[in-house]
Amino acid sequence: MLNLTISFIVSLLVTMFIVRFANRDSAAADHDLDGVQKFHVRPVPRIGGLGIVTGCTVAVAALTSRDFPLAIDLALLLLCSAVVFGIGLAEDFTKRISPTLRLLCAFAGAALAAVLLQATITRIDIPLADAWLAIPAVGGLAAVVCVGAMVNAVNIIDGFNGLAAAAALAMFASLGYVAFKVNDPLILAGSLLMIGAILGFLVWNYPYGLIFLGDGGAYFLGFMLAELGILLVVRNPAVSAWYPALLFIYPIFETLFSIYRKKYLRGMSPSLPDGVHLHMLIYKRVIRWAIGTRNAQLLTQRNAVTSPYLWALSLVAIVPATVFWDRGLALMLFLVVFIAVYTWLYTAIVRFRTPRWLVLHRSRE
């Protein structure tokens, strides 16, 4: 718990410093108020990942005096994440880093973790596939692809105040719980570090959106989730390989569904932003009519109220993953359940028609 406390305090203070002294006219602020994925009303610093990373780094440094071997392993994990966080932070400042280069850096960080920490996918509890994954190069490549996917998936769901950070917080809590059950100090310590750092960030991010994660922060959260999930399965045979699959299914399926929707339904590049992600539809077709659109205060309120809907959706996967972490068949069943719930919800909202009384009420505000 000391690790959690230190990372929380440092993240809280560093993020507060950024919020207090960041120049809203600088390159570190998000000035795009009209983009299809923009839902804030004034320029906001988008380098909140700095506070989270700093909190984790200081906590690991403090750990060296109490458990040096554990601190070294955590330091190696942070070192691997530096490639991913660094390219994301560069994008936050310049807005000019290509998606391809950012993806390659995510792959590089994952490859480094595979070498330094043996963070490879060795099984998915399917015999034929496991025989291939037993080959080190194949397991390493699978891990690289999965980490790259998770890094981008968390960035995709980072659309509203507190959405990605709180969803990741719940996932780290689940990882910490399972690590405690199987007595894995590395995964437990890493999860607690992340929980504390995210809480320090959320104080300033939710509900008022005084600072954003940015690409750097979202990439860092995605990388740490993926690596801790991979390492938990590699280091503990009792943990089902389907546990992290169900735990992370919300951002992963959101990404896969978005690629399908853009490429095959809309005929556009999957890398281009659009305004019909599930969280955006909830914002536009549910929250906007209920709260209104007339002033900045209502816009900020609308932004914050959207996130709990998606937190609830993510719990449809996180809760059963946490309960059935060692039962592969149950995990696979709940995986299908989540996909069905997501697809039904998306389809229902897309087909939703605004009631006339709501439109009239909104016009009178």
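Biologist: Is Lys95 buried, partly exposed or exposed?

Modeller: This is a predicted model, and in it Lys95 has a relative accessible area of 36%. Buried means under 20% and exposed means over 50%, so with 36% Lys95 counts as partly exposed.

Biologist: Where does Lys95 lie, and what is its phi?

Modeller: Lys95 belongs to the loop between α3 (68–94) and α4 (99–117). Although Lys95 is a residue other than glycine, its phi is positive, with a value near 60°.

Biologist: Is the peptide bond from Tyr206 to Pro207 cis or trans?

Modeller: Pro207 is placed in the loop between α8 (185–205) and α9 (214–235). For the peptide bond that runs from Tyr206 to Pro207, omega is near 10°, and the bond is cis.

Biologist: How many aromatic pairs does the structure hold, and how are the rings of Phe253 and Tyr342 arranged?

Modeller: The structure holds 10 aromatic pairs. In the pair of Phe253 and Tyr342, the ring centres are 5.1 Å apart and the planes stand at 85°; because planes over 60 degrees apart count as edge-to-face, this pair is edge-to-face.

Biologist: Which helices does that pair connect, and are Phe253 and Tyr342 buried or exposed?

Modeller: Phe253 sits in helix α11 (residues 249–265) and Tyr342 in helix α14 (residues 328–350), so that the pair, with its residues 89 positions apart, links distant parts of the chain. Ring pairs also join Phe253 and Tyr342 with Phe257, Phe338 and Tyr346 into a cluster.

Biologist: What kind of pair do Phe324 and Phe334 form, and what is the exposure of Phe334?

Modeller: The centres of these two rings are 5.6 Å apart and their planes lie at 20°, so Phe324 and Phe334 form a stacked pair. Phe324 is in the loop between α13 (296–323) and α14, while Phe334 is in helix α14, 10 residues apart. The relative accessibility of Phe334 is 26%, and Phe334 therefore counts as partly exposed.

Biologist: Which residue has its charged end over the ring of Phe21?

Modeller: The charged end in question lies 5.0 Å from the centre of the ring of Phe21. The residue that places its charged end there is Arg20.

Biologist: What is the handedness of the crossing of α1 and α2, and how many charged residues are in their contact?

Modeller: The axes of helix α1 (residues 2–21) and helix α2 (residues 49–63) come within 7 Å and cross at roughly 145°, and the crossing is right-handed. Among the residues that make the contact are Ile6, Val10 and Val14 of α1, together with Leu50, Val58 and Leu63 of α2. By class, the contact of α1 with α2 has 11 nonpolar and 7 polar residues, and the number of charged residues is none.

Biologist: How many helices and strands does the protein have, and what share of its residues count as buried?

Modeller: The secondary structure comes to 15 helices and 2 strands. Among contacts with a separation of 6 or more, residues 24 or more positions apart account for 74%. Of the 365 residues of the protein, the share that count as buried is 52%.

Technical notes. Residues numbered from 1 in each chain as written. Predicted model: local features only at pLDDT ≥ 70, side-chain atom pairs only at ≥ 80, totals over all residues. Heavy atoms only, no water. Phe/Tyr/Trp six-rings, centres within 6.5 Å; stacked < 30°, edge-to-face > 60°. Helix = DSSP H or I, 4+ residues; strand = E, 2+ residues; numbered from the N terminus. Buried < 20%, exposed > 50% of the residue type's maximum accessible area, 1.4 Å probe, protein only. Lys NZ or Arg CZ within 6 Å of the ring centre and 35° of its normal. Axes fitted to C-alpha atoms, helices over the stretch in contact; angles between N-to-C directions. Left-handed = near helix turned anticlockwise from the far one by under 90°. Contact = heavy atoms within 4.5 Å. Nonpolar A, V, L, I, M, F, W, Y, C, P; charged D, E, K, R; others polar.
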